[in-house]
Amino acid sequence: MEQTVIFRDRQELQSADLNNAQDFARASLDHVVKDAIDAGKAYTGFSASKTAATEITLSPGRYYAGGQVFARNENVVIDLFNALPLVTKKRVAIVAFGQSVDTDVQPRDFLIDAQLGTTEPQAVAMENMRRAELSAVAGVEGPDPSYPPTDAATVVICYAVLDTAGIVSIEQWAPTQLPNLRLVANRVSALEVWRSQISGQVDTLRTDLSALADRLGAYALKSETVDLTEQLEELRRKVYEPGAYIYYGTNHFLTDEGSDAGHPAFDAVVGEGIRFPEAGSATSALALLNPNNAFVTVNGGFVLPKYAHGLRMNLAGYSGELRMAQYTFETTAIRQLFRSRERRRYGATKQVCTNSAWWRQGIYDQAASTFTRNGETWEVVNGIPDRMPNGQVIPNGNVHWVRLTQFWIDIFLEPYWDRVTATTTLNGQQVAQTFLNSQDGWLTQVGVYFSRKAAAGDVHVLVCETGFGMPDLSRVISRTVLPVADIQVGAVAANAALPALLETTVPIIPAYLVSGRRYAIVLVTTGDHYVAMTNTDNGIVQGTFFVSTDGAFFAGNLVDDLKMRLYFAKFERSRLSVELSPLQLAGGILDLDILNEGITPPACRTDFEVQVNGAWIPLDGAPNGPNLSGLPAILPLRVTLTGTTDLMPGFGLTNSQAVVSRPKTAFTWVGETRTLGSPTTSIKIITDLQAFDETKHDCSVTLLTGADLSGSETADVVEDVLLANGSVRRTSVFNLTAVSTYAVRIVGSTTSAAEQFLVAELIEFAQS
């Protein structure tokens with residue numbers, strides 16, 4: 001007990017002393033129950049059974065509430081006759097609550113005259129008990145009765161289902177039962193046995209998951225898909241080509257290739273089909289509506305939800321120090337990659353073209369065609385590789401796309417690419433530590449330990465990918481400068497002349513690390529600094545410590561690792577909407593095209609939304625997307641990020657591009673000039689018209705002829721065939737006088753800019 005009452009010889013004894021002795025004992029027991037057993041509400045005992053048609057009998061039990069124990073030491077019978085339903089069924093809760101009551105009333109003499117010794121009998125309660133009270137709470141009658149609401153001051157013992165005749169069933173309510181320590185001990189023993197059986201498998205789960213993520217890249221490689229589409233194209237050519245021809249060709253209209261965009265009459269947009277051109281457009285960059293938004297973090301123009309630094313990898317222990325200056329002073333060129341991009345397009349012109357599958361032919365660079373901003377020049381990359389320069393296999397190529405009616409989304413799967421890069425030169429000695437990243441996440445802070453530092457010499461902290469297990473400085477994804485003044489070394493311990501190590505935390509621009517890959521932390525400095533080493537945690541890091549010997553080759557240390565800690569973003573919330581500056585276009589908006597840096601990890605979502613008629617509506621496929629047929633001149637814009645507290649998507653503001661437009665109601669497309677080896681008298685043009693409606697749309701195919709294409713020929717025969725996918729396959733046959741030079745012209749029109757069609761494919765051949 002925390003308190004006791006002191007009794008002495010020949011001391012007056014008052015009733016308060018005896019009452020305190022009990023109250024102190026009761027209070028101590030309340031504290032033990034509240035602190036060590038259960039501070040909430042629970043019950044034990046009170047087993048419920050049906051003892052009559054409408055009666056429930058509950059056995060003796062106890063009710064716990066905030067450390068206080070209320071008891072009922074006799075069976076309690078509850079009659080539910082008055083709660084019976086009239087027609088269907090009803091669910092009734094039996095609840096317990098506690099109250100203090102005075103009991104055991106007895107006659108006792110009370111002294112009323114101390115001199116005469118006169119007493120007077122009174123009937124008084126001789127006990128005070130905490131009694132558990134039981135009551136019934138009836139729910140609403142119904143065929144499938146719901147659980148009745150109960151007061152927060154009570155605890156549910158059981159539920160009884162009643163029909164018009166009486167009690168149908170009784171459900172003892174386990175969630176509020178106080179667990180017995182013996183049962184808990186038995187469950188712990190069972191868990192220990194279970195852990196001993198599976199620990200061998202679970203302890204290696206980090207490695208297993210990494211290996212699984214790596215093996216996924218071996219399935220359905222893009223090279224295999226390219227091979228398949230090339231064979232399909234060959235089959236199509238065999239099907240459509242005539243027995244004898246002078247020229248045969250196809251155009252899938254994925255890019256401007258095959259189009260004469262410089263022709264005076266050309267007025268069309270080519271991108272996964274021939275589409276209507278813009279009648280008006282405006283281009284702007286994405287910007288936060290509130291630059292001081294407290295719920296986001298902006299680093300270098302890249303937006304992530306607000307986060308804290310959560311420790312994910314900690315290399316503990318200490319095995320000695322390493323002097324960086326003992327290694328070769330080098331001049332090293334590093335190449336920094338930038339985040340890849342995402343593109344979202346929405347509007348009336350975004351009818352789905354079946355030809356998007358032909359991106360997989362391998363003869364097109366979809367990344368350059370899809371993710372290039374207006375006027376931007378990219379590095380020349382031949383095709384879209386399945387394997388990155390560091391040996392990493394990219395599953396299914398680099399680009400993932402979704403095509404829904406009125407909504408297109410293109411995502412570059414590799415989070416960092418070599419299309420937009422920056423090259424710089426660093427001087428100094430280099431050391432590096434590789435590690436296996438087993439979980440997707442945003443690396444936000446690196447903790448390193450220096451045992452000594454020089455008076456000068458900043459430290460460049462690089463995060464890079466690896467090639468063949470070694471740091472690859474041509475693929476740096478984050479670069480931060482640590483000023484020498486910020487290096488922490490602590491005090492010198494007198495006993496061993498070794499420093500008491502202090503962690504130097506280096507906040508970095510968040511770098512997204514993919515599970516199953518090895519990365520490296522590289523330190524480059526001209527200063528005479530010493531770094532701390534450890535040899536106790538290689539099972540955690542699963543990597544190697546390297547030193548640079550000639551600027552290109554890293555020598556590995558298989559015993560020691562760089563003592564470091566890695567911190568990943570721990571987000572405050574799993575969903576966040578961020579308002580951006582509104583989109584504007586005089587005359588009205590019908591189409592949106594948003595291109596920005598963005599990383600949307602697996603199991604996460606990035607949704608752009610616009611406000612129409614006061615409601616936020618995500619850019620989604622018809623009919624779920626916003627209705628822009630009213631041509632709004634201003635569209636409020638926001639982006640909603642959805643993920644988990646461990647992993648969230650992010651988007652870029654810098655170098656972003658938002659294009660709003662509305663289309664014309666007519667287009668004219670002119671193809672490249674064909675110069676035949678010999679004159680032809682018959683040309684056949686096959687075009688696939690998708691989302692074509694004869695009542696609203698018109699499309700005609702003509703030929704421009706002559707050396708200067710000044711002549712014009714209309715088709716002698718036009719035949720339409722309705723395909724299974726709803727497209728119209730139009731065959732135009734031209735019977736000509738001998739022609740050696742021609743170009744195809746396609747003219748289309750629509751009755752409304754909101755009702756669009758497209759030309760998906762063209763097959764042409766000239767017969768001899």
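This is a stop-by-stop tour of the predicted model shown above.

**Before you start**

The model is predicted, so local features need pLDDT of at least 70, side-chain atom pairs count only at pLDDT 80 or more, and totals for chains, interfaces and linings use all residues. Residues are numbered from 1 along each chain as its sequence is written, and side-chain values use heavy atoms, with hydrogens and water left out.

**Stop 1: the whole chain**

Show the protein chain as a cartoon. The chain carries six helices and 47 strands. Both are DSSP runs numbered from the N terminus: helices are H or I with at least four residues, strands are E with at least two. Of the 768 residues, 47% are buried. Buried means under 20% relative accessible area, exposed over 50%, and partly exposed in between (1.4 Å probe, protein chains only).

Now consider contacts, meaning heavy atoms within 4.5 Å. Among contacts with a separation of 6 or more, 78% join residues 24 or more positions apart.

Switch to a surface view. The accessible surface is about 36400 Å², and carbon and sulfur atoms hold 51% of that. Accessible areas come from the Shrake-Rupley method with a 1.4 Å probe; for residues, only the protein chains shown count as cover.

**Stop 2: a nonpolar patch**

Select Phe 7, Leu 13 and Leu 18. Together they make a nonpolar surface patch of about 300 Å². Patch residues have over 30% relative accessible area and no salt bridge; like charges are joined within 9 Å, nonpolar side chains (Val, Leu, Ile, Met, Phe, Trp, Tyr) within 5 Å. Leu 13 sits in the segment before α1 (15-37).

**Stop 3**

Select Cys 158, then Cys 699. Cys 158 is buried at 0% relative accessible area. Cys 699 is buried too, at 5%.

**Stop 3: salt bridges**

Side chains of opposite charge can pair when their charged atoms come close. A salt bridge here is a side-chain nitrogen of Lys or Arg within 4 Å of a carboxyl oxygen of Asp or Glu. By this rule the count is 23.

Select Asp 267 and Lys 664. Their side chains form a salt bridge, 2.9 Å from N to O. Asp 267 is in the loop between β11 (247-251) and β12 (269-270), and Lys 664 is in the loop between β40 (657-663) and β41 (666-670), so the pair ties together parts 397 residues apart in sequence. Asp 267 is partly exposed at 28% relative accessibility. Lys 664 is partly exposed at 32%.

Move to Arg 605 and Asp 607. The closest N and O atoms of this salt bridge are 2.7 Å apart.

Next, pick Arg 730 and Glu 694. This salt bridge spans 3.3 Å, N to O. Arg 730 lies in strand β46 (residues 728-750), Glu 694 in the loop between β42 (674-690) and β43 (697-705), and the pair links distant parts of the chain, 36 residues apart. Arg 730 is buried at 8%; Glu 694 is exposed at 52%.

Finish with Arg 72, Glu 74, Arg 131 and Glu 133. Salt bridges link these residues in a network.

**Stop 4: confidence**

Color by pLDDT, the predictor's confidence in each residue, from 0 to 100. The chain's mean is 85, and 85% of its residues reach 70 or more. Select residues 380-397. Here pLDDT stays under 50, and the model has 50 contacts beyond four places in sequence for this stretch. Where pLDDT is low, the predicted coordinates should not be read in detail.
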